[in-house]
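Subject: Structure handover

Hello,

Please find the structure below.

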Amino acid sequence: MARGRVPAGVPTGLAALDQALSGGGWPPGSLTELLGDWPGDGFGLVLPALARLQSRWLVLVDPPLTPFAPALAARGVALERLVVVNAGARGAWAAEQGLRSRACAAVLVWGGRWDGTQLRRLQLAAATGDALAFLFRDPDAARAPSPAPLRLRVQPAPTGYRVTVLKQRGGRAGAVLSLPSC
Amino acid sequence: MRWLALYLPHLPLEVLGRACADDLPLAIGGERILNCNPAAAAQGIRPGLKVGAARALCAALRIQARRPAAERAALERLAAWSMRCTSLVSLAPPRSLLLDVAASLRLFGGARALLGQVGEGVAALGYQGRLALAPTPLGALVLAIHQGADGPIIPDGAALRAALDPLPLAALGLRPRELDDLTAMGLRRVADLLRLPRAGLRARLGPRRVDWLERLLGEAPDPRLPFAPPAEYRGVLELPAEVELAPALVFPCRRLLAELGGLLLGRQAGVQRLDWRLGHARCPDTHLHLGAIAPLADPERWLELLRGHLERLDLPAPVRAVGLVATDLRSLNPTAGDLFPGATADASGGPALLDRLRARLGPDAVRGLALVADHRPDHAWRWAEPGELSRGIPRANRPLWLLPQPQPLTQRAGRPWLNGALDLGQERERIDTGWWDDRPVARDYFVATSRRGERLWVYRELRGRGDWYLHGRFG
């Protein structure tokens, strides 16, 4: 696949990951799925990119635990741009609102059950609002197809993360990366 | 063509009935019907009809007494609203407003376009208005009352005269005695009167009436007292029929918001807080407070927020009246909406987004995070208003996630255990502090690795039995 047809990605802040991704970073205005055994796995993978996106809001919808402010600040996240939303059953709605608003650089979503239609809406909202959408899901989700252009399986490793590229638009799947923790 | 007159023929009725759609028959009257809405008219109700006869015609007819104070208040709210079109509005009680539109004609795209916009705006507020544009205030007023259904536009003095000439003498608001006197002279139309020499008229009608005529025709100046827009908004709508379901309140609320919107536009102001009062028949009022992150001027934005609240609202009883109060008007300057100086234009949608999320999910469901300068992990952060800047101690060696409560870990052979033995790293961090308040902390923290490879933040109590706890996850 010609690399030129894939829009330039948003640098992940991790050189090895940028190299493995077809656009050289997180696909812009797109939905990325992170599949982990524990819902919080993969948050650290996303943080370096979030730390560079300072101009718009970062919205966390229904995170599994409280994000620890001193740790986020130490990793360069602008806390005054961060919003934590407890949406419960309305997680999909809240995420869509955030993505569409153009006021958010990224929206991270946990929990909820997602069918194909909802995932397409999320992808469309991300494109509309030119925002990064990260959906943290159970590994079982890999069995159903998804409109997300990028799907990663994230597993903790003693030194950081073991990341498997399950799917990526305009690039090769199957790569297994060993990434440092941040 | 400087003055726009807005005449509200049905104001006495509308201050009572404008909260509902026009499908319920409603009339104003004491002994006789003064005014009625189209639904009542369709049942044969006419002004002048005796109340008993009216009830016989239409059993469902609601008849209410006239309320002059409410009419005056409504007129003032409309005056405030109409400041969207001009900076000079003058009250012409009991049922009219005068707008000096000399400077706004071009801005609004000409006389016809301006009349159209005012007419539509007034209708959206629930009033029937009649409009006329004329060179003099009195000329505009007389024509609005008598020809306002067509919205006449009178460019100059000659055209004004031509428009007034064919009107009956009664159009000039003469007292019955004056009218009888003039009719006895054989005068029928305005033209007949204006043709007479002024000196004779002065002798017959008195100087004040002739002054009035001269102001009408623009021969004498007619300065008008400018209406000063209020510094706050207070509006009430009585609902002619009780409303049982909260979402159905959107209709009357929208009208109050439209009035507020006009006032805000006229004052170049926004509000950050709205206080709604829902009046019930037999239980205390329901109060609803809407807040916005930044001052809002657009009534549609407020309506959107209100919708979210109404969806979540359980009414204790049916609603009979809706009140809206906005006291904290803030002038909008071009940068006031920008929460983040130096941020890209896109972040300006932030306040709107947060307001929308809060309206639907509740105020506590949308929060920011802030640092606190405290060494105890549990006290090193707090919930904050989104956008709040804080100072504290960023810590690179801390986990990304904190458990709400430390979770006790079992021990095997003196080592902490979680689905297998935890591998404690080399680094130990001692936190022994907090002796100055009631929550001292004395712990040794470790970054542990589980058998699955997860990195966990665990600690051992330095006091007591030396128990182990899980406190965070690196994720």
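Two strands pair if DSSP finds at least two bridges between them. Helices (H or I, at least four residues) and strands (E, at least two) are DSSP runs, numbered from the N terminus.

This is a predicted model: local features need pLDDT of at least 70, side-chain atom pairs count only at pLDDT 80 or more, and totals for chains, interfaces and linings use all residues. Residues are numbered from 1 along each chain as its sequence is written, while chains are lettered from A and ligands numbered from 1 in the order in which they are written.

Where the chains join

In strand 13 of chain B, R367(B) is the bridge partner of V84(A). Two bridges link strand 4 of chain A with strand 13 of chain B, and these strands run antiparallel. They belong to an open sheet of ten strands with mixed pairing, in the order 9(A)-8(A)-7(A)-1(A)-6(A)-5(A)-2(A)-4(A)-13(B)-14(B). Its edge strands, each pairing on one side only, are strand 9 (176–180) of chain A and strand 14 (381–384) of chain B.

Contacts between chains A and B

Two residues are in contact if their C-beta atoms, placed from the backbone, lie within 7 Å. By this rule 47 residues of chain B are in contact with 38 residues of chain A. Helix 14 of chain B gives the largest share of chain B's side, seven residues. That side divides into 25 nonpolar, eleven polar and eleven charged residues. Here Ala, Val, Leu, Ile, Met, Phe, Trp, Tyr, Cys and Pro count as nonpolar, Asp, Glu, Lys and Arg as charged, and the others, Gly among them, as polar.

One residue in chain A

V6(A) sits in the segment before helix 1 (15–20) of chain A. V6(A) counts as partly exposed because it has 18 C-beta neighbours inside 10 Å; a residue is buried at 20 or more, exposed at 12 or fewer, and partly exposed in between. V6(A) and G23(A) are 17 residues apart in sequence but 5.6 Å apart in space, C-alpha to C-alpha.

Regards
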